[in-house]
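Please look over the sequence and structure below before reading my points.

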Amino acid sequence: MQITEVTDSFSLESVVPFFQPIMDLENNTVWSYECLARLVNLHDNTYLPSQFLFLVERQHTVAQLTETIFKRSASYFRDINMAWNINVSLSDMTDSESHQFFRSQLGDYPNPNRVSVEITAQNALADLQSFSRFAEMCADYGVKIIIDHFDLTKENVEKVFSLPVAAIKVQGSLFESDGPDTTNSELIALLISASKKNDVILIAERIEQRETLTKVRELGLKYAQGFYFSQPKANVD
């Protein structure tokens with residue numbers, strides 16, 4: 001990573017969404033697209049958030065970054081009948097001005113129920129009162145909530161499934177072990193049981209190998225995402 005190059009070229013105007021599909025495994029079709037922030041400089045070099053977020057934080061423009069990705073993703077999919085989602089931060093979830101932004105955008109958007117937002121499990125559980133208000137705002141427009149970065153423990157299963165969420169992302173690596181890990185097997189069984197009981201979709205993410213996908217299918221998961229299917233791209237197929 002060339003820090004100087006990123007610094008010299010940084011501007012929110014240069015941040016665009018790249019799209020990675022979430023696959024419907026039963027029908028072998030794209031179920032939704034996750035819209036991921038990428039910085040593209042004048043030389044068409046692409047940078048991950050980990051390479052430029054420090055500049056966003058330094059300039060105190062985290063909210064503006066979310067707004068930029070939302071607006072550009074919304075514009076891209078406005079006339080495409082496809083579900084899509086963006087990631088939101090803890091500050092997006094708790095800030096009243098961010099709520100006003102989402103309301104203004106969703107109120108003028110066709111079929112806002114095609115939109116979902118991803119929130120990490122840690123952020124969702126950090127401030128349950130703020131999460132509840134944010135969830136109510138999303139529900140007003142039919143926007144679904146997806147939980148990401150889910151750490152599979154019995155305690156987390158109980159906590160997260162008590163929230164009004166539509167889907168939970170689980171790392172595909174959890175399903176790769178062939179060893180006699182009884183605890184892990186029991187937790188996976190608990191997770192799958194809780195998802196069925198609460199009508200919450202499970203998405204296996206970071207799928208990179210056919211073997212992992214096979215195990216995910218065997219467990220009955222219907223949705224998956226990862227480099228095995230596609231890396232994030234500037235345009236959808």
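At what angle do H5 and H7 pack, and how far apart are their axes?

1. H5 and H7 pack at about 5°, and their axes lie 10 Å apart. Axes are lines fitted to C-alpha atoms, for helices over the stretch in contact, and angles run from 0 to 180 degrees between N-to-C directions. Helices here are DSSP runs (H or I, at least four residues), and strands are E runs of at least two, numbered from the N terminus. H5 is therefore roughly parallel to H7 (angles under 35 degrees).

2. This is a predicted model, in which local features need pLDDT of at least 70, side-chain atom pairs count only at pLDDT 80 or more, and totals for chains, interfaces and linings use all residues. Residues are numbered from 1 along each chain as its sequence is written, and side-chain values use heavy atoms, without hydrogens and water.

3. The largest cavity holds about 40 Å³ of space, and the count is 1 cavity of 30 Å³ or more. A cavity is a set of points on a 1 Å grid over the protein atoms alone where a 1.4 Å probe fits but cannot get out; lining residues have an atom within 4 Å of a point. Grid points are joined across faces, edges and corners, and a volume is the space filled by probe spheres set on the points.

4. Among the residues lining the largest cavity are Phe-70, Phe-102, Leu-106, Phe-134 and Met-137. H7 (128-141), H5 (96-106) and strand E5 (115-120) each supply at least two lining residues; the largest share, 3 residues, comes from H7.

Terms used: On a 1 Å grid over the protein atoms alone, a cavity is a set of points where a 1.4 Å probe fits but cannot get out, and a pocket is an open set with protein on both sides within 12 Å along at least five of seven lines; lining residues have an atom within 4 Å of a point. Angles under 35 degrees count as roughly parallel, over 145 as roughly antiparallel, 65 to 115 as roughly perpendicular and the rest as oblique.
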